[in-house]
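Biologist: I would like to learn how to read side-chain features in a model. Can you take me through some cases?

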Amino acid sequence: MSSTRIRLKPRSSWTPGQIVLTALGVAVSAAFMAPIAAALLTSLKSEAEAAEIPPHWLPKDWTGQAWKALFETGNITNWFVNSLVVSVCVTSVVLFVSALAGYGFARTEFRGKNVLLGGVMAGLMVSPAVLGVPLFTTVQQMGMVDTYWGMILPQCAPAAMVYILYKFFQGVPRELEEAAFIDGAGRWRVFFTIVLPLSRPSLAAVGIFTFIASWNNFLWPYMVTNNPDLMTMPNGIATVMNSYGIQWAQLMAGGLMAGLPLIIVFVFFQRQIVAGVAHTGLAGQ
């Protein structure tokens, strides 16, 4: 029997372009990971060592005292639950309102549509910080200070999310809806059974962006909440101070705790984020 020799194709060497791109990717990744690594190492130092100047990367004495103190002295469980409740409620309301508004602008004709759409687009140019005082006055007059509703409702009218879904709905083929109308389906049935299932990538992107923005929101919950039991994670972590000043090790530990849910969201939903950006046309913005 004659043996057949299988020649393995030698692995091609890297081209200069691949080497440059790989080195650039490693450098960018290191630049993004360096603050996280510094925060983690600082949280494993004692408070005295964390406050030393000049700082050093590796702890001289590894300790988890900052993490222990954060759970013992801080109300971190309540802060986490409050952030989760507020972020989930804001995301749910924004998805519902933005989908209805975007579809209404994209598919229906009514008097004053262009003026109303222009008002929504004008909201993209207004900083949320500018609206802080009038929003707080309104919330105070409605008796919603130190309540969940006071933190949730003012975050539920994002013009950017309405615009994203409006542009997406414009790209949905009208023939699909017209065929459903011919079969006797109404506007609401078409919206919920045809348009929304086709919009899942964009809805996922809007939901993820809204959740991240609400979770990281510091200014508005800080303005509208004085009750320590209603603080969200960013506000609670900012209180990690005593008569000696900021407790840097505890602050870094709290920051890592606050960022952990966002890392989990990105790891599990990164495909939806990329697909949503591609479908909404934000990649070229």
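**Reading side chains, case by case**

Modeller: Start with S87, which counts as buried because its relative accessibility is 1%. Keep in mind that this is a predicted model.

Biologist: Where is S87 found?

Modeller: S87 sits in helix α4.

Biologist: Which residues does S87 touch, leaving out those up to four places away in sequence?

Modeller: S87 touches F211, S214 and W215. One of these contacts has a polar side to it: a polar atom of the S87 side chain lies 3.4 Å from the backbone nitrogen of W215.

Biologist: Now salt bridges. How many does a search of the whole structure find?

Modeller: The search finds three salt bridges. In one of them, the side chains of R107 and E177 meet at 2.6 Å, N to O. R107 lies in helix α4 and E177 in helix α9 (residues 174–182), so this pair ties together parts that are 70 residues apart in sequence.

Biologist: Are R107 and E177 buried or exposed?

Modeller: R107 is buried, with a relative accessible area of 8%. E177 is buried too, at 3%. The cut-off for buried is under 20%.

Biologist: Which other residue meets E177 in a salt bridge?

Modeller: The side chain of R187 meets E177 at 3.8 Å, N to O. This pair links distant parts of the chain, with R187 in helix α10 (residues 187–198) and E177 in helix α9, ten residues apart. R187 is partly exposed, with a relative accessible area of 35%. Put together, R107, E177 and R187 are linked in a network of salt bridges.

Biologist: What about K113 and E109?

Modeller: Their side chains meet in a salt bridge of 3.3 Å, N to O. Look at the accessibility of each partner. K113 is buried, with a relative accessible area of 10%, whereas E109 is exposed, with 68%.

Biologist: Next, aromatic rings. What describes a pair of them?

Modeller: Two values do: the distance of the centres and the angle of the planes. Here the count comes to ten aromatic pairs. Among them are F105 and F110, a tilted pair with 6.4 Å centre to centre and 35 degrees between the planes. F105 is buried, at 6% relative accessible area, while F110 counts as partly exposed, at 36%.

Biologist: What kind of pair do F105 and Y166 form?

Modeller: Their ring centres are 6.4 Å apart and their planes lie at 85 degrees, so the pair is edge-to-face. The step rests on a cut-off: planes over 60 degrees apart count as edge-to-face. F105 lies in helix α4 (residues 76–107) and Y166 in helix α8 (residues 159–170), so the pair ties together parts that are 61 residues apart in sequence. Y166 counts as buried, at 11% relative accessibility.

Biologist: Which residues form one aromatic cluster?

Modeller: Y103, F168, F169, W188, F191 and F192 form that cluster.

Biologist: Last, the surface. Which residues form a nonpolar patch there?

Modeller: The patch is formed by L260, I263, I264, F266, V267, F268 and F269. Together they have about 690 Å² of accessible area. Take L260 as one of its members. L260 has its place in helix α14 (residues 248–280).

Biologist: Why does L260 count as partly exposed?

Modeller: Because its relative accessibility is 43%. Partly exposed is the range in between buried, under 20%, and exposed, over 50%.

Technical notes:
Residues are numbered from 1 along each chain as its sequence is written. This is a predicted model: local features need pLDDT of at least 70, side-chain atom pairs count only at pLDDT 80 or more; totals for chains, interfaces and linings use all residues. Side-chain values use heavy atoms; hydrogens and water are left out. Patches are made of residues with over 30% relative accessible area and no salt bridge: like charges are joined within 9 Å, nonpolar side chains (Val, Leu, Ile, Met, Phe, Trp, Tyr) within 5 Å. Accessible areas come from the Shrake-Rupley method with a 1.4 Å probe; for residues, only the protein chains shown count as cover. A salt bridge is a side-chain nitrogen of Lys or Arg within 4 Å of a carboxyl oxygen of Asp or Glu. Helices (H or I, at least four residues) and strands (E, at least two) are DSSP runs, numbered from the N terminus. Buried means under 20% relative accessible area, exposed over 50%, partly exposed in between (1.4 Å probe, protein chains only). Rings of Phe, Tyr and Trp (its six-membered ring) pair if their centres lie within 6.5 Å; planes under 30 degrees apart count as stacked, over 60 as edge-to-face and the rest as tilted. A polar contact is a pair of N or O atoms within 3.5 Å; within protein, one must be able to donate a hydrogen and the other to accept it, and residues adjacent in sequence count only if both atoms are side-chain atoms. Contact means heavy atoms within 4.5 Å.
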